[in-house]
Amino acid sequence: MKYETIRTDITVVGGGLSGVSAAVAAARLGRTVALVQNRPVLGGNSSSEVRVWVCGATAHGTNRYARETGIMGELLVENQFRNPDGNPYYWDLVVLEAVLAEPNIQLFLNTDVHEVEAEGDAEDRRIRSVTGWMMGSERRIRFESAIFADCTGDGLVGFLAGAKYRVGREAKHEYNEDWAPDTADGITLGSTLLFYTKDAGHPVKYVPPGFAKDITQTSIPIKRVIRSGDSGCHYWWIEWGGELDTVHENERIRDELWAVIYGIWDYIKNSGKFDAEHMTLEWVGSLPGKREYRRFIGDYVLNQNDILAQREFEDRVAFGGWSIDLHPPQGMYSAESGSKHLHADGIYHIPFRSLYSANVSNLMFAGRNISASHVAFGTTRVMATCAVIGEAAGTGAALAVQHGATPRAVYREHLAELQQTLLRQDASVIGLRSADVRDLARRAKVTASGTLRLLAVEQASGVIPLDRDAGLLVPVSPRLERIELLVDASAEAKLEVEVWSTGRAENYVPHRREASGSAAVAPGERQWISVPLRWEPGTPQHAFVIVKASDLLSLHFSSEPQTGVLCFAKNDRPLVSTNLEDHQPEQPVVQWSMRQHVRKPYCFRLFPETEAFSPDRVTDGYLRPYGQPHLWISQPLGQGQPASLELQWQEAMTMNEIHLVFNDDVNEDLINLHHHKTPFDVIPELVRDYRLEALQDGGWVTLHEERANRKRKRVHRIASPVTADRLRLVVESTNGSSRAEVVEIRVYDTEA
């Protein structure tokens with residue numbers, strides 16, 4: 001047996017996506033990190049051991065422009081390229097490589113932390129060390145750090161340190177939450193085991209084990225959806241244990257879930273009700289995917305009202321967007337729907353005060369154990385949201401070490417620095433604007449070789465009946481005068497159109513009607529019909545254009561997407577069985593669905609020309625759509641004719657580091673495993689081939705040249721500082737789009 005002591009700036013315990021993101025974020029900021037994981041692989045519930053989909057703010061395409069950026073975004077985009085078929089082992093490698101790429105991280109797998117040394121009274125404690133046992137290597141390792149991050153999910157480190165926490169459901173009166181019970185209790189969400197099936201290509205028999213449950217004697221076949229071709233997370237509803245202690249009765253819960261899985265497979269294989277003769281089990285999980293246990297108490301407890309009101313916290317450091325998703329305590333045996341969902345009108349914000357302990361001064365946390373009520377936890381618990389919380393926590397931990405401060409002091413004294421650091425990292429924060437005084441690009445005049453002015457989609461590829469209201473989200477900058485739509489009419493008809501504002505800048509649903517117009521349509525096909533719509537908002541913003549339903553009309557749509565435009569159809573019926581999911585279809589983001597129209601916009605022309613994509617958008621401080629698209633779009637790239645952006649200063653600037661953010665379409669819903677597959681491995685809008693040039697001695701000198709780029713955020717460090725008054729980004733090609741699209745350019749002199 002070996003006894004060791006590891007000293008780093010920060011110790012992160014838990015190697016799920018929240019812990020990975022926290023460790024990577026802190027390491028990139030120059031801090032030394034020990035990342036300790038009690039399993040042989042990273043990724044937590046998303047790993048090949050458990051295989052849960054990485055869900056997040058997009059809510060499987062319900063929320064618009066909501067996919068995570070920063071570290072979580074990097075993982076999703078890289079996995080999209082490497083692993084388009086959703087192989088869970090390849091996903092393990094994507095996560096592992098992200099950690100191994102950081103020299104400041106020491107990784108300790110198979111290391112179970114079960115001892116914590118802390119000091120101080122109950123209201124003011126401090127962790128001195130945590131100790132773990134590395135299985136198989138017989139190493140007892142003591143980790144000493146200034147800051148500790150509990151990303152274990154179950155919250156064992158914080159518990160052993162004496163941190164305040166809750167388990168179960170708060171009473172309704174505590175936070176005035178409609179979805180909370182009248183009386184507090186210990187009920188949590190249950191755990192799940194998943195399984196994979198495959199077609200063996202020949203008949204396969206199945207003899208169930210003696211412990212398999214006869215599910216015909218339960219409510220499962222009646223109240224849940226069972227299909228022979230489903231596997232993996234389609235069976236998320238195989239859930240149990242919410243009325244038990246999900247930690248201390250973990251083995252009992254696992255055994256019950258196993259009994260049900262093998263019983264379900266017996267039902268599929270041997271009941272005669274399914275086409276399953278050639279089907280066989282490929283994989284069955286053995287590690288229950290836990291949903292809930294301890295939730296720590298921070299300086300703020302996020303609650304249901306914050307989620308639904310989309311409260312703009314002064315200390316917001318991350319966002320979520322998954323619905324408040326709560327499951328019945330009885331899980332798969334419940335007579336209720338498998339889940340019930342409550343959606344906000346868009347994404348919501350997460351405060352930094354929910355990421356550190358109220359009574360352990362050097363303890364932070366990220367993931368499903370943050371400071372949130374049970375109801376609010378129903379949305380913050382999904383893994384992509386846990387990951388962006390992790391990046392925020394890791395960034396806060398790094399600043400705490402840098403300043404010799406506690407996380408609470410970072411909130412009180414260094415909040416602006418924390419938020420600006422997150423923006424510089426392209427982290428998942430919405431509604432905050434860069435104010436980095438060191439960014440030289442903010443002082444430059446920005447021009448371009450050409451810019452998209454006429455917003456239109458004209459190349460039709462199909463027709464869809466206007467049997468329900470249709471919607472288009474378009475930027476209005478500075479005003480809207482009319483829209484032209486490509487329609488078919490089976491008889492003389494009237495085309496009615498309304499313009500609605502969206503309310504909040506982060507929302508993309510109709511909020512208030514601002515204008516309306518109509519036009520007569522004669523019988524015929526492929527007619528461009530002009531409808532007057534006069535609206536000039538006080539500030540440029542998105543408009544939600546509603547085309548009213550008519551049984552006599554059809555709209556043409558295109559297979560060529562247009563950045564800055566989203567299209568919708570109004571749904572009045574649920575998309576899935578209400579026995580499985582209850583989504584309350586009257587909620588706006590559910591009612592207006594874009595799923596069938598992703599990358600398939602209606603054909604339209606918008607007048608007058610728009611200023612929404614002008615070159616100065618790349619230095620306006622916003623990294624995501626927020627009231628406007630906030631990116632530059634070029635004219636079409638011609639034969640051998642690149643597009644370019646130029647920054648010009650009034651005097652020469654010395655620079656040695658250039659940050660570029662390209663458009664990777666944060667509206668595109670990506671996932672790590674097997675929920676759906678996109679038709680491309682690289683986001684088409686991403687710039688592929690480009691170069692950076694500086695004007696020196698009357699000629700353009702190449703500073704950096706990049707080929708086959710597939711990433712959103714690129715940082716280029718120039719070996720020798722360059723002094724120039726003009727800098728140019730030249731885009732030669734993209735990964736499929738006809739135009740160059742750039743979100744941000746930053747320029748630094750890091751030696752100043």
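Reader: Which residues in α1 meet α2?
Author: This is a predicted model. On the α1 side they are Leu-17, Ser-21, Val-24, Ala-25 and Arg-28. They meet Ile-71, Met-72, Glu-74 and Leu-75 in α2.
Reader: How do the residues of that contact divide into nonpolar, polar and charged?
Author: Six are nonpolar, one is polar and two are charged.
Reader: And the geometry? At what angle do the axes cross?
Author: Roughly 115°. Helix α1 covers residues 17-28 and helix α2 covers residues 70-82. Their axes come within 9 Å.
Reader: So how is α1 oriented relative to α2: parallel, antiparallel, perpendicular or oblique?
Author: Roughly perpendicular. The class for that runs from 65 to 115 degrees.
Reader: Left-handed or right-handed crossing?
Author: The α1 and α2 crossing is right-handed.
Reader: Switching to cysteines. How many disulfides?
Author: The count is zero. The cut-off is sulfur atoms within 2.5 Å.
Reader: Is Cys-55 buried or exposed?
Author: Cys-55 counts as buried, because its relative accessibility is 12% and the limit is under 20%.
Reader: What about Cys-151? How far away is the nearest cysteine sulfur?
Author: That sulfur belongs to Cys-386 and lies 9.4 Å away. Cys-151 is in no disulfide.
Reader: And is Cys-151 buried or exposed?
Author: Buried, with a relative accessible area of 5%.

Key: Residues are numbered from 1 along each chain as its sequence is written. This is a predicted model: local features need pLDDT of at least 70, side-chain atom pairs count only at pLDDT 80 or more; totals for chains, interfaces and linings use all residues. Side-chain values use heavy atoms; hydrogens and water are left out. Axes are lines fitted to C-alpha atoms, for helices over the stretch in contact, and angles run from 0 to 180 degrees between N-to-C directions. Helices (H or I, at least four residues) and strands (E, at least two) are DSSP runs, numbered from the N terminus. Angles under 35 degrees count as roughly parallel, over 145 as roughly antiparallel, 65 to 115 as roughly perpendicular and the rest as oblique. A crossing is left-handed if the near helix is turned anticlockwise from the far one by less than a right angle, and right-handed if clockwise. Contact means heavy atoms within 4.5 Å. Ala, Val, Leu, Ile, Met, Phe, Trp, Tyr, Cys and Pro count as nonpolar, Asp, Glu, Lys and Arg as charged, and the others, Gly among them, as polar. Buried means under 20% relative accessible area, exposed over 50%, partly exposed in between (1.4 Å probe, protein chains only).
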